[in-house]
Amino acid sequence: MGKSNYSLASSMDGKQNNSKLLPEVNITLFVLVDTKAVLSCPEIPLENVMVTTWEIVLRDKPRSLKAYRKDHNVTMQVNSTDKRITWAFRPDQNSTLLIDPVAMTHDGYYSCQMVTPDGNFHRGYNLQVLVAPEVTLFQKNGTTVCKAVAGKPAAEISWTPEGDCVPDKEIWNNGTVTVWSTCLWADSNVSTVSCSVSHQTGNRSLSIELSQGAPKSENLRLIIIIPSIFITLVIVGSIWLLKISGCRKCKLKKTEGTPIEGDEMQPYASYTEKKNPLYDTTNRVKTPQLLQSEIDGTGLHTSYVTGL
């Protein structure tokens, strides 16, 4: 079967190359995801068409072919494994191609070539799949945020009235894009704002009442920058405290490791000896008693000598 398909494709290519190629017609076609796409060939009477070939070039995929040859009444395909891409009708009655349902992977180029005795007719489609974004409007940290999630292509956001806004976006692997706009209003009289989202799949507009406590007069960029400055200061302060703590520990270890010499203890011993009141009182009490004993002994001794 593969061999016959290859030979059939070769014979069809030969027929097309030997015929006169007429000016190409290329069309850009936008199709919403999960809908149907119907692609038609040039408007040529089928009785004059000998071979009809659809060539499909999708992103990151090999080229595929779908063809019908009238003289053999046979269809063939090469690398065409996507069951969602089929003939819309019997190819001998209608050469239209059908994509049902359309997926984001169907972005690509589709071309129909019809071989007739008068030449080759061509029509090409640059198919672009659209994805409608999910739109939300909410308040966060005193600001108002309008967000369009996973749109294809990216949506555009505008405000009424205009404010101090910061736009941002995130691109996903499947080709969709999320965009958002964060705003503040300096005019304290602004109580209600509207967000308008423009997209090829349709436009949307949402409104919201501003909170009474929202800081309308402050600059949005300051609100974004201040947290980063605070985090930086915390990190620097932590490093500084760690350095101080380390120095204190080093000094404490040095102090504990120094031995105390004998001479250094003498001032304390001297101070204890001189300033101890108990020590001084005992000496004062004992000294008068000793002197009185000595006097009494001497008096007795003198009286005895005089009597003789």
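Predicted model: local features only at pLDDT ≥ 70, side-chain atom pairs only at ≥ 80, totals over all residues.

Colleague: How many residues lie between β3 and β4, and which residue in the turn has a positive phi?

Modeller: The two strands form a hairpin with five residues between them, and the residue in the turn with a positive phi, of about 60°, is D60.

Colleague: What holds strands together in a sheet, in general terms?

Modeller: Strands of a sheet pair through backbone hydrogen bonds, and the pairing may be parallel or antiparallel. Here β3 also has β8 as a partner, with eight bridges between the two antiparallel strands, and in this pairing T53 stands opposite Q113 of β8. Strand β3, which spans residues 51-58, is mostly covered, since six of its eight residues are buried.

Colleague: Which strand does β8 join in turn, and in what sense do the two run?

Modeller: Strand β8 (residues 108-116) is joined by nine bridges to strand β9 (residues 119-130), and the two run antiparallel; C112 stands opposite R123 in β9. These pairings belong to an open sheet of six strands, in the order β1-β9-β8-β3-β4-β5, whose pairing is mixed. Its edge strands are β1 (25-32) and β5 (74-78), each of which pairs on one side only, and neighbouring strands are turned by 15° against each other on average, with direction ignored.

Colleague: What is the strand order of the three-stranded open sheet, and which strands stand at its edges?

Modeller: That sheet has the order β2-β7-β6 with antiparallel pairing. Because β2 (37-39) and β6 (85-87) each have a single partner strand, they stand at the edges, and one side of each is left without a neighbour in the sheet. From one strand to the next, the twist averages 25°. Between β2 and strand β7 (residues 97-99), which run antiparallel, there are three bridges, and L39 stands opposite L97 in β7.

Colleague: How does one find where empty space is left?

Modeller: The general idea is to roll a probe the size of a water molecule over the atoms, which shows where such space remains. In this model the second largest pocket has a volume of about 170 Å³. By class, the lining residues divide into four nonpolar, four polar and two charged.

Colleague: Let us turn to the threonines: is T116 buried or exposed?

Modeller: T116, which has its place in strand β8, counts as buried because its relative accessibility is 2%, and the cut-off for buried is under 20%. A polar atom of the T116 side chain lies 2.7 Å from the backbone oxygen of G119.

Colleague: With which side chain does T178 make a polar contact?

Modeller: The side chain of T178 makes a polar contact with that of W172, at 2.9 Å, and a polar atom of the T178 side chain also lies 3.0 Å from the backbone nitrogen of A150. T178 is located in strand β14 (residues 177-184) and is buried, with a relative accessible area of 4%.

Notes:
Residues numbered from 1 in each chain as written. Heavy atoms only, no water. Pairing = 2+ DSSP bridges. Helix = DSSP H or I, 4+ residues; strand = E, 2+ residues; numbered from the N terminus. Axes fitted to C-alpha atoms, helices over the stretch in contact; angles between N-to-C directions. 1 Å grid on protein atoms, 1.4 Å probe; cavity = no way out; pocket = protein on both sides within 12 Å on 5 of 7 lines; lining within 4 Å. Points joined across faces, edges and corners; volume = space filled by probe spheres on them. Nonpolar A, V, L, I, M, F, W, Y, C, P; charged D, E, K, R; others polar. Buried < 20%, exposed > 50% of the residue type's maximum accessible area, 1.4 Å probe, protein only. Polar contact = N/O pair within 3.5 Å; in protein donor to acceptor, adjacent residues only side chain to side chain.
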